[in-house]
Amino acid sequence: MDGTFNENDISRIVEADRAHVWHHLSQHKPYETTDPRIIVEGKGMRVWDQKGKEHLDAVSGGVWTVNVGYGRESIANAVRDQLVKLNYFAGSAGSIPGAMFSEMLIDKMPGMSRVYYCNSGSEANEKGFKMVRQIAVKRFGGKKHKILFRDRDYHGTTITCLSATGQDERAAQYGPFTPGFVRVPHCLEYRSFEQDGAPIEGYGVWAANQIEKVILEEGPETVGGLCLEPVTAGGGVITPPDGYWERIREICDQYDILLHIDEVVCGVGRTGTWFGYQHYGIKPDMVTMAKGVASGYAAIACLVTTEAVFDMFKDDATDPMNYFRDISTFGGCTAGPAAAIENMNIIEREGLLQNTLDMGAYMTDRLLELKDKFSVIGDVRSKGLFLGAELVTDRATKEPVTEKLVQSVVGDCMQQGVIIGATNRSLPGKNNTLCFSPALIAKKDDINQIIDAVDGALGRVFA
Ligand SMILES: Cc1ncc(COP(=O)(O)O)c(C=O)c1O
């Protein structure tokens, strides 16, 4: 830390925060007796809090965002230069960084064609839902308006995104919800024994076929979209089983359903490819992305579509309603694409996709070593630097450990100066997965430090 803040400044900041800031996802009662945590500075994979304590951040800003690490002056400079030239104009006009980033992005997404800018993952997903609804009106007399979402997935915080969440604790107390969203079963093979009829062999195709079953029950003529995370994030780092995605694409083609892939977490490098879906060789119709697009250096989210989806909105120019009548005020901020361009340049310049694959494989091996050591680890799942370890009281019954114990592991690591994550208040009785998403710049030493912290924490909490 460079010592910019002195003790007095910091206590004033802590008091201002305690008095006025409503923290996200936080119960505030404890702050009456303990200080809220203020993160003051970051460099590389490390952040410092108000007490000057150093932490290794194994979750990229808490919520898998700061993919290229903290303190990137080249991004700050790109944003600054852009802001003094032109900070903003509404997205009904174009901008230089917006045009340039769209070209770079589409180059990484063969088969995709159009980029719609907005500023959060939730908002991008809402745009996708609106497109499905408008296409239903334009082409199917409003009938094909239903949108399928999957058990354990999350697509955002608005009421409609919560209408599309398979995480009941996230949605609890916020209803009534938007109609027309239908849940399909999850594809977590480790918990397939909880699903009636799940086979031992060929689980992936079976799990995809469960979606077809829902489509047939609802009536294919009523279903317009299917929204899925490529690898489920906050629902437990669920890597899809073999054959799953290929079958999903077939089903969408068969029933004329738009496949909307939510890459808000996986997008732009997290899994070692530019996008998570690219591991599975499938072609989406719509892709949403946010967190890693500019690594949190500026707010930016994108909804990317094929030209075929785009074309559906420009077929009759004489009809005044015949275009996507949507706006995102801050989707016109130029800082977002300016930061995103440099973020992507960094990933290419520094070979971070390959590093993500290499370090992801290394960290997976290290977690598997911990699994050999601690029977409480029931399952290790990973794709690139996106990893989870599911904790169970008994490997035979796979009974989840309590959320409280999982949080004790997280708290113990924090004490040791390592910030890890866990599924939290998402799935009733199943918030039992430790989550790791270190920046794509992680080295073996960083990973060893994370593993050592988890090793110590598991030893203490489950002594
Ligand atoms: C898969 C997924 N989609 C969407 C969102 C919502 O993004 P935002 O918080 O930027 O609205 C999140 C946030 O965690 C997410 O994990």
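**A sheet and its surroundings**

Guide: Four strands form an open sheet in the order β1-β2-β3-β14, and their pairing is mixed. At the edges stand β1 (39-43) and β14 (418-419); each has a single partner strand, so one side of each has no neighbour in the sheet. Strands here are DSSP runs of E with at least two residues, helices are runs of H or I with at least four, and both are numbered from the N terminus. Two strands count as paired when DSSP finds at least two bridges between them. β1 and β2 (residues 46-49) are joined by four bridges in the antiparallel sense, and Lys43 has Arg46 in β2 as its bridge partner.

A word on what you are viewing: this is a predicted model, in which local features need pLDDT of at least 70, side-chain atom pairs count only at pLDDT 80 or more, and totals for chains, interfaces and linings use all residues. Residues are numbered from 1 along each chain as its sequence is written.

Now let's step back to the domains. The protein divides into domain 1 (37-66 + 351-461) and domain 2 (74-349), with bounds taken from an automatic or database domain assignment. Over C-alpha atoms, their centres are 26 Å apart. Domain 1 gives 30 residues to the contact and domain 2 gives 29, where contact means that C-beta atoms, placed from the backbone, lie within 7 Å. On the side of domain 1 that touches domain 2, the elements giving two or more residues include α2 (60-64), α12 (352-373) and β16 (433-436).

Pro428 sits between β15 (421-422) and β16. Pro428 counts as exposed because it has 11 C-beta neighbours inside 10 Å; the cut-off for exposed is 12 or fewer, for buried 20 or more, with partly exposed in between. Beyond its neighbours within four places in sequence, Pro428 is in contact with Asp168 and Glu169.

Methods
Contact = placed C-beta atoms within 7 Å.
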